[in-house]
Amino acid sequence: MAASVRAVTKQIDWSKLTVNLRLSKDTVASLSAFRKRNDEARRVLADLKEQRTDVDFAHFRSVLKNKAIVDEAERAFRNFKPVTYDVATQIKTIEQFETKAVAKAQKTVEKVDAELRDLQVTLTNIETARPVEQLTVDDVLIAKPEITETVDKMVQKGKWTVPGYKEKFGDISYF
């Protein structure tokens with residue numbers, strides 16, 4: 001599965017993806033920085049692979065006076081055996097992280113799609129709504145039945161003013 005995920009991620013057009021998902025500036029900057037570090041690491045690896053790895057000890061013997069140091073260096077070079085590490089656990093961890101990251105990205109895409117659908121429904125509702133000037137009191141009471149209940153309770157308690165109305169709209173009793 002990790003190989004197929006890796007193949008898919010190589011085919012992603014990151015510039016289109018960041019624009020289409022409308023990611024935040026921080027996320028886009030973080031993603032760009034990661035891609036830049038990745039590209040730089042790949043470039044350095046390619047440069048290192050192209051470098052020569054052989055050592056010309058004869059040249060050093062001809063240049064240096066102390067031949068014993070060159071002999072010792074050559075002996076150390078020939079006896080050198082690189083240590084091998086088992087990186088399978090690290091690779092497995094990276095693949096698990098990659099799988100989780102892809103799953104999280106898919107969930108984010110689903111969430112964004114759901115939000116876009118909700119926003120589209122809201123936009124449609126706004127576009128098809130009647131203007132406020134055409135609304136009647138009955139329309140408002142049908143939309144918010146709790147208004148009727150609140151007014152009935154206030155009348156039963158003998159309250160004839162709405163709390164906070166004067167502070168918000170001022171006192172209109174100029175007569």
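Predicted model: local features only at pLDDT ≥ 70, side-chain atom pairs only at ≥ 80, totals over all residues.
Val-151 lies in helix H8.

Residues are numbered from 1 along each chain as its sequence is written, and side-chain values use heavy atoms, with hydrogens and water left out.

### Exercise 1: the overall fold

Task: describe the secondary structure of the chain and how much of the chain is buried.

Step 1. The chain has nine helices and zero strands; helices (H or I, at least four residues) and strands (E, at least two) are DSSP runs, numbered from the N terminus. Along the sequence this reads α-α-α-α-α-α-α-α-α.

Step 2. Of the 175 residues, 5% count as buried. Here buried means under 20% relative accessible area, exposed over 50%, and partly exposed in between (1.4 Å probe, protein chains only).

Step 3. Accessible areas come from the Shrake-Rupley method with a 1.4 Å probe, and for residues only the protein chains shown count as cover.

Step 4. Among contacts (heavy atoms within 4.5 Å) with a separation of 6 or more, 33% are between residues 24 or more positions apart.

### Exercise 2: a network between helices

Task: work out which residues the salt bridges around Arg-61 join into one network.

Step 1. Arg-61 meets Asp-71 in a salt bridge (2.7 Å, N to O). Asp-71 lies in helix H5 (residues 67-79) and Arg-61 in helix H4 (residues 57-63), so this pair ties together parts that are ten residues apart in sequence.

Step 2. Asp-71 is partly exposed, with a relative accessible area of 32%, and Arg-61 is partly exposed too, with 25%.

Step 3. Arg-61 also forms a salt bridge with Glu-74, the closest N and O atoms being 2.3 Å apart. This second pair links distant parts of the chain, from Arg-61 in helix H4 to Glu-74 in helix H5, 13 residues apart.

Step 4. Through shared partners, the salt bridges join Arg-61, Asp-71, Glu-74 and Arg-78 into one network.

Step 5. Now look at the surroundings of Glu-74. Glu-74 is buried, with a relative accessible area of 15%. Apart from neighbours within four places in sequence, Glu-74 is in contact with Phe-57 and Arg-61.

### Exercise 3: helix H8 and the nonpolar patch

Task: check the span of H8 and identify which helix gives the most to the nonpolar patch.

Step 1. The expected span of a helix is 1.5 Å times one less than its number of residues. The twelve residues of H8 should therefore span 16 Å, and the end C-alpha atoms are 17 Å apart, which agrees.

Step 2. Gly-158 follows H8, and its phi is positive, near 80 degrees.

Step 3. The surface patch consists of Val-132, Leu-135, Val-140, Ile-147, Val-151, Val-155 and Trp-160, which together have about 660 Å² of accessible area. Patches are made of residues with over 30% relative accessible area and no salt bridge: like charges are joined within 9 Å, nonpolar side chains (Val, Leu, Ile, Met, Phe, Trp, Tyr) within 5 Å.

Step 4. Helix H8 (residues 146-157) gives the most to the patch, with three residues. Val-151 is partly exposed, with a relative accessible area of 42%.

Definitions and conventions: Salt bridge = Lys/Arg side-chain N within 4 Å of Asp/Glu carboxyl O.
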